[in-house]
Amino acid sequence: MNSPIEIIKAEKRQLLIEYVNENFSRNETLFFGNNDAILAFDLDGNVVQVNPAFEKLSGYSTEESIQMKLQMFFRIESLDEVFHYFHKATLGEVQNFDCKMTTKDGEILDLNITNIPIGKRDTIVGLYTIAKDVTQIKRKKSEVRKIEEFHRVLTDNVLDMILSTSMLGKIIYVSPSCQNILGYTSGDLIGKHSSVLLHQEDKEKAILDRKEVISSLEIGRNSYRFQKKDGSYLWVESICNPIIDPDTKNILEVVSVIRDITERRQAEEALWSRKKAFRDLVEHSPDAVIIVNNETILFINETGVGLLGASTPEDFISKSILELIHPAEHEIAKRRIASVIKGNTTEFKPFNIIRLDGSSFEGEIKGIPTFFQNQPAQHVIIRDNTEKRKTQALLLNSEKLTIAGQLAAGIAHEVRNPLTAIKGFLQLMENQLEEKTYFDIIQSEINRIEFILSELLVLAKPQDLKFGIENMHSIIEDVKTLIDTQAIINNVQIKIVNECRDLMIHCDKNQLKQVFINFLKNAIEAMPDGGMVTIEIKPHNENNIKILFKDTGAGIPHHILKRIGEPFYTTKENGTGLGIMISKQIIENHNGCVHFWSDDKGTIIEMIIPIKLDQ
């Protein structure tokens with residue numbers, strides 16, 4: 001199903017095609033008999049139509065051209081400029097610039113480009129691009145005038161008003177749309193000074209703005225009040241552009257594109273009034289606050305703008321609040337809105353909230369009846385539950401760890417006493433009996449039990465940390481030397497990539513070695529057919545280092561990866577499920593953190609620890 005944006009684009013493109021077809025047939029000589037190349041683009045830069053002069057200039061046929069986009073005709077070094085002026089033209093500004101183009105045969109041409117916006121039904125739907133080949137000859141004044149005249153022909157149908165004035169400010173051209181906007185015909189204004197249109201209080205500002213445009217030779221943009229023929233005033237936005245003679249570099253005239261923004265200004269003023277009335281109540285609320293009339297958004301505070309990924313409140317005004325809620329939850333939301341309309345206050349309920357960019361987060365929403373601009377409305381509060389859920393998860397894991405520690409201590413102490421007795425009597429029996437076939441097996445299992453008990457006691461009461469200044473490279477080398485024998489037996493190579501060779505850190509050397517040995521043993525066991533383990537030591541930021549353990553094993557399935565570090569969870573036949581958990585605890589005692597990633601190409605363990613203990 002097409003999105004609203006895609007539907008609007010399709011409608012604008014259809015309007016553009018209708019406009020171009022109408023004008024190509026009505027002004028056949030102007031388009032097909034013109035020596036300048038003419039292209040019509042939609043707002044996405046897709047070619048809609050070209051004239052024969054463009055086919056001759058570029059070598060592309062009409063059929064080939066209408067399958068291409070704007071950037072396909074120009075050289076890479078010209079694309080930034082091409083896109084810049086294309087965008088400005090879509091905003092209603094006539095643009096003129098030079099760039100380089102590559103023809104179908106690979107020939108590089110110097111072009112003078114003029115982008116002219118196309119208006120249809122009160123909106124800009126595309127633009128004309130007029131391309132003149134200036135590779136061999138310079139533009140002459142007569143040719144500039146010819147293009148300007150061509151501009152006027154095209155701009156006759158633009159709904160924004162186009163006004164050309166001389167250096168002295170006298171009006172020399174005004175588009176027919178002036179009559180619809182201000183009520184004046186071109187005959188009423190040509191020859192008069194442009195200041196006759198300005199509100200008395202805006203004349204000084206307009207004069208200063210015009211001087212700035214002429215002196216800087218840059219486009220100017222500002223808003224003024226213009227007087228209509230009936231004596232009333234309206235707000236307009238004026239974009240001024242000086243037209244420069246390419247030979248003499250003198251300003252020939254100043255062209256202004258003028259748009260009626262009265263409704264927009266009124267909406268801005270009304271919005272400001274609403275914001276002022278509600279500022280003390282909701283503007284600085286830590287929660288997102290939205291005022292809704294039925295389902296239509298009337299107001300949103302700054303917290304809501306930031307939370308929902310927008311830049312201004314206007315991005316939401318007049319939209320439906322249902323656009324912020326996942327479609328699967330629309331029916332629930334509608335029932336809650338209906339309940340608030342009846343005067344009921346709803347409690348916070350979880351919802352999947354959708355931001356402006358399409359991303360989502362888990363939040364909760366509460367509705368309260370209120371009044372806005374003397375009309376019944378709904379006061380909606382939205383909270384982001386992301387941090388709350390993270391905190392709950394951390395508390396749950398902490399509780400699990402505490403319970404696991406308590407359970408571990410109890411088991412260890414209860415089992416160790418009878419185990420000591422069993423071990424002692426077993427030794428006595430071993431000296432008295434001649435048949436000792438099963439004693440080695442029993443002794444091995446008792447040692448296994450003692451090992452598990454020691455792991456449990458470490459979990460229940462971690463060893464005291466003995467911090468000192470240590471060389472990280474030396475620690476890694478010591479661990480590699482210790483584990484190399486097991487690695488060689490399993491046909492595994494261990495490679496160290498150290499970007500911090502002389503780095504000294506504040507740590508407990510023995511406990512870090514315990515963590516590294518655990519990670520390396522797991523990596524080796526994950527590659528029964530051999531492989532490579534890479535240890536990378538690199539800076540993370542100015543206060544922390546990053547250590548990566550990368551293996552080339554078969555990887556860990558996602559459902560297992562999520563449970564790594566849980567107490568007593570293991571996939572090994574002889575594992576206790578405590579190794580990773582104890583390792584994570586050691587790293588956290590160093591004020592660090594550890595992350596795991598895995599796919600079918602191997603597993604990566606990322607460990608980040610501070611260089612100094614107080615980080």
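This is a predicted model: local features need pLDDT of at least 70, side-chain atom pairs count only at pLDDT 80 or more; totals for chains, interfaces and linings use all residues.
Met472, Ile475, Ile476, Asp478, Val479, Leu482, Ile483, Gln486 and Ala487 of helix H15 touch Lys509, Leu512, Lys513, Phe516, Ile517, Leu520, Lys521 and Ile524 of helix H16. Contact here means heavy atoms within 4.5 Å. By type, the residues of this contact are 12 nonpolar, one polar and four charged.

Residues are numbered from 1 along each chain as its sequence is written, and side-chain values use heavy atoms, with hydrogens and water left out.

**How the two helices pack**

H15 spans residues 472-489 and H16 residues 509-525; they pack at an angle of about 40°, with their axes 10 Å apart. Axes are lines fitted to C-alpha atoms, for helices over the stretch in contact, and angles run from 0 to 180 degrees between N-to-C directions. H15 is therefore oblique to H16, given that angles under 35 degrees count as roughly parallel, over 145 as roughly antiparallel, 65 to 115 as roughly perpendicular and the rest as oblique. The crossing of H15 and H16 is right-handed, meaning that the near helix is turned clockwise from the far one by less than a right angle.

**The chain as a whole**

The chain has 18 helices and 22 strands; helices (H or I, at least four residues) and strands (E, at least two) are DSSP runs, numbered from the N terminus. Of its 615 residues, 42% count as buried. Buried means under 20% relative accessible area, exposed over 50%, and partly exposed in between (1.4 Å probe, protein chains only). Among contacts with a separation of 6 or more, 54% come from residues 24 or more positions apart.

**Salt bridges**

Side chains of opposite charge can pair when their charged atoms come close. The whole structure holds 18 salt bridges, each a side-chain nitrogen of Lys or Arg within 4 Å of a carboxyl oxygen of Asp or Glu. Here are some of them:

| Pair | N to O distance |
|---|---|
| Asp110 and Lys100 | 2.7 Å |
| Arg383 and Asp287 | 3.0 Å |
| Arg383 and Glu364 | 4.0 Å |

Arg383 is partly exposed at 32% relative accessible area, whereas Asp287 is buried at 18%.

**Two residues with positive phi**

Most residues other than glycine have a negative phi. Leu217 is not a glycine, yet its phi is positive, about 60°. Leu217 sits in the loop between helix H9 (203-216) and strand S8 (220-227), and is partly exposed, with a relative accessible area of 43%. Asn491, not a glycine either, also has a positive phi of about 60°. Asn491 belongs to the loop between H15 and strand S17 (492-498), and is exposed at 56% relative accessible area.

Terms used
Ala, Val, Leu, Ile, Met, Phe, Trp, Tyr, Cys and Pro count as nonpolar, Asp, Glu, Lys and Arg as charged, and the others, Gly among them, as polar.
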